[in-house]
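I begin with a question and then write down what I found.

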Amino acid sequence: MSSKSSTRRILGPFNRVEGDLEVQVEVEDGVIVKAWVNSPLFRGFEQILHGKDPIDALVYTPRICGICSVSQSVAAAQALAASMDITPCPNGELATNLILAAENLADHLTHFYLFFMPDFARESYSKKAWFNDTHERFKAQTGKAARQVLPARASFLHLTGILAGKWPHSLAIQPGGTTRPIEAQEKVRLLTTISAFRLFLEEVLFDDKLEQVASLSSENELKIWQEQHPDSDFARFLNIADDLKLSEIGGASDRFLSYGAYKTNNEHLFNSGVWQQHTQTLNPDEITEDISHSWLNVQNEPKHPYFGITIPGELNNTGYSWCKSPRLNNQVVEVGAISRQMVDGHKLIRDLVSNSGANVRNRIIARLLELALVVPVMEEWAKKLQPKEVFCLHSKIPDEAQGAGMIEAARGSLGHWVRIKNGRILNYQIIAPTTWNFSPRDADDKPGALELALQNTYVGEDKNASVIIQHIIRSFDPCMVCTVH
Amino acid sequence: MKEAFNILWLQSGGCGGCSMSVLNAEQPDFFNMLQLNNINMLWHPSFSEASGEEFLSLIKSIEEGDTRLDALCIEGSLMRGPNGTGHFHILAGSGRPMIDVVEGLTKKAKYTIAVGSCAAFGGITMSGPNPGDACGLQYEGKYAGALLDKNWSSSGELPVINIAGCPTHPNWVTETIAQLAMGDLHSSDLDTYNRPRSYTDHLVHHGCPRNEYYEYKASAEQASDQGCMMENMGCLGTQAHADCNTRLWNGEGSCLRGGYACINCTAAGFEEPGHSFTQTPKIAGIPIGLPTDMPKAWFVALSSLAKAATPKRLKINATSDHIRVPPNQKTEKDGQS
């Protein structure tokens, strides 16, 4: 070992992620041998929520995160609904799904165009054949694509203006449905808003019908599609991914978790489950959080979130993050669009992962695929809304109860667990998608998903954060403000 | 051409929602707005290219006076804990507490802007036991004096400009920055809490589509009812300083239009109302919080009069989730012209 040159580098901040992120890597002969992921901000929402009126979780929890605010609302509303033992009415479910889908898809779009692609317009790629085109389209702030994307995104979010008052931070989503009944002509406006977004995607991102993209079922079919649609931004990315071999970097545990997305009539549009070589049923009791490598205190052993404790501790030697280490049956799992589609069994994603695992390229493909999959379903949901029928059921929160809200945000599985006593919140614990993906090591010293993904990556001797590291980190679309709520 | 107006945007103890909201700006969108007003975003956490070392050297260059900083925009609360160390937010890659970095930069910036209620007053992050010992830039809740002294002003001779809101409306932010860039924002344009009067000289109540229900005290009783939300549902629109119902959000929205209460998110201390957000506290059946500028006796008298005169249409619609009784159509038969 002594003949090798080993250096430790501290990298950060990483922007174009939500919130603050620091990564330490140990590099030997240009290869990362170990990585430590640190979330350097603590806010303490668990303590804030303790003792509050349970219904006020609907005000506080969306404000955990400005980019997945609605996801937090939906998880909170479901946790409360579970504690009240009610299910939202059909209109309420449809409206909630529409609002959540609007946020999730807007996030996928923002990630691709504003967070992820600008890295390929960096000067370090100036020798590449694709550079000029990429620079013109995706350069941070000045690229032409952003000028098309921002108005399209803002118009699409008009859907939240109609159904939820505003985005982010709405109070429209309630345990029994939504606060905003709509009239027949508003239903028309919703449909028009969704269809206008479809047109944008079909013209700019895909240069093809959404249904065509959604029906791609193998890596070979994708290859052919890529050659046939060279003017689409999706194909632009695939070409870069081929050239830079993005399917060979960023692999993690290849164990995927999804809580199940978009419920109507007690059925998910994308199934819940765990995938590792094959699909398994998810047992929520197997979820625990460990604080062995966090700057947290009091909790001695891994605990189920109903009983978790989040109290800041000393900035000691064993800890290196404010983030906890969630594990499923003591194992590291990855969450996100790729996990949702693996668990649900989309053929293209299953084929890509069986060929090369989860990696930078495949994570991006899964996100863009979801844009093609979900927009047509949104049109169906909007058509099913019944003006003049109820949008919200009403019931009292019991003085003593508990409930879990387990949903899928853009970035993956999001869970809220609440215990209520004497009509007040006794304990409220949140496990956010990036808590799973960017967790520190656990008591067995098992690294989290990003820490695994960075290991064995060749980064060379570049003292700056190698751009490869940035691709890997951003392929997860991390949200650090959620992670460390 | 005039030199560009340099702004730097940093985030600390918040959710990033004000940045996400500003991306909702329309006609023009946010990037065009910057360009059209000759504003140069030196760095923003969500959409700049520079990362890691590139960013840290920009900060150094501002600190050393090599790069001119016209406006510093801070989003999120300032995290002073634990025990005043600021370790609850260490700026990644630097080892420095964010509060130290921010305080240093305020000395260099011509203007300092707090974007959102967290940076302005402490906001949501200060709720409950305030676990992070969070505060705003120049206010801790309602009290002036926080990270910066209450008498502090920037080299541009303005205190911290508090664009409060949770989140901020995109245009509150874009228009305030543009005014500064034009040299068109003066201390007389700020209210008592140093918020831009362009939006805080209004009340959320202005333009509320439920105004007729308010006039007749025809009140909603539960979520999704159509009536006025002041009496039972915790709505603070008659007291909240903002133009949400005349400016509108995401096309045609606002909290009240979305069917839920205004929680007065532009106000210092909104995060701890002392009661549930969506229930109106009352004494002897009368809401404690009365409309701004309204004498209590008048309110009580007018309310009972209005209640006695409430048309049946409003009474029924107020507790329905859609219009059950439409307004009367005048016909020849009514004998009215």
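In which sense do strand β2 and strand β3 of chain A pair, and over how many bridges? Keeping in mind that this is a predicted model, I looked up the two strands and found that β2 (residues 22-28) and β3 (residues 31-38) of chain A pair in the antiparallel sense, over 7 bridges. Within this pairing I noted that E26(A) stands opposite K34(A), which belongs to β3(A). The hairpin that β2(A) and β3(A) form has 2 residues between the strands, and D29(A) takes a positive phi there, near 50°.

Entry on chain A as a whole. I went through the secondary structure of chain A and recorded 18 helices and 17 strands. The radius of gyration of chain A is 22 Å, close to the 23 Å that the globule rule gives for 485 residues, so chain A is as compact as a globular protein of that length. Taken along the principal axes, the box filled by the C-alpha atoms of chain A is roughly 65 × 55 × 40 Å. I also looked up burial, and 61% of the 485 residues of chain A count as buried. Turning to contacts in chain A between residues at least 6 apart in sequence, I noted that 71% of them join residues at least 24 apart.

Entry on an open sheet. I followed 3 strands of chain A that make an open sheet in the order β6-β9-β10, with antiparallel pairing. Its edge strands are β6 (256-258) and β10 (278-280) of chain A, each of which pairs on one side only. From one strand to the next, the twist averages 20°. Looking at one of the pairings, I found 3 bridges between β6(A) and strand β9 (residues 273-276) of chain A, and among the residues involved, S258(A) has G273(A) in β9(A) as its bridge partner. Helix α12 (residues 337-344) of chain A packs on this sheet and touches β6, β9 and β10 of chain A, while its direction makes about 85° with that of β6(A).

Entry on a helix. Why is helix α17 of chain A described as largely enclosed by the rest of the structure? I checked residues 467-475, which make up α17 of chain A, and 8 of the 9 are buried, so the helix is largely enclosed. Among the buried residues of α17(A) I listed I468(A), Q470(A), H471(A) and R474(A). When I asked what covers them, the elements I found included β1 (6-11), β2, α4 (90-116), α14 (360-384) and α16 (449-454) of chain A. Just after α17(A), D477(A) takes a positive phi of about 50°.

Entry on chain B. The domain assignment of chain B gives domain 1 (5-199) and domain 2 (202-323), and I noted that their C-alpha centres lie 32 Å apart. Between these domains of chain B, 18 residues of domain 1 are in contact with 13 residues of domain 2. I sorted the residues on the domain 1 side into 8 nonpolar, 8 polar and 2 charged.

Entry on the two chains together. I found 62 residues of chain B in contact with 72 residues of chain A. On the chain B side, the elements that give two or more residues are α1 (17-22), α2 (30-36), α3 (52-63) and β5 (90-91) of chain B, and α1(B) provides the largest share, 5 residues. By class, this side of chain B has 26 nonpolar, 29 polar and 7 charged residues.

Definitions and conventions
Residues are numbered from 1 along each chain as its sequence is written. Chains are lettered from A and ligands numbered from 1 in the order in which they are written. This is a predicted model: local features need pLDDT of at least 70, side-chain atom pairs count only at pLDDT 80 or more; totals for chains, interfaces and linings use all residues. Two strands pair if DSSP finds at least two bridges between them. Helices (H or I, at least four residues) and strands (E, at least two) are DSSP runs, numbered from the N terminus. Domain bounds come from an automatic or database domain assignment. Two residues are in contact if their C-beta atoms, placed from the backbone, lie within 7 Å. Ala, Val, Leu, Ile, Met, Phe, Trp, Tyr, Cys and Pro count as nonpolar, Asp, Glu, Lys and Arg as charged, and the others, Gly among them, as polar. The radius of gyration is taken over C-alpha atoms; the globule rule is 2.2 Å times the number of residues to the power 0.38. A residue is buried if 20 or more other C-beta atoms lie within 10 Å of its own, exposed if 12 or fewer, and partly exposed in between; C-beta atoms are placed from the backbone. Axes are lines fitted to C-alpha atoms, for helices over the stretch in contact, and angles run from 0 to 180 degrees between N-to-C directions.
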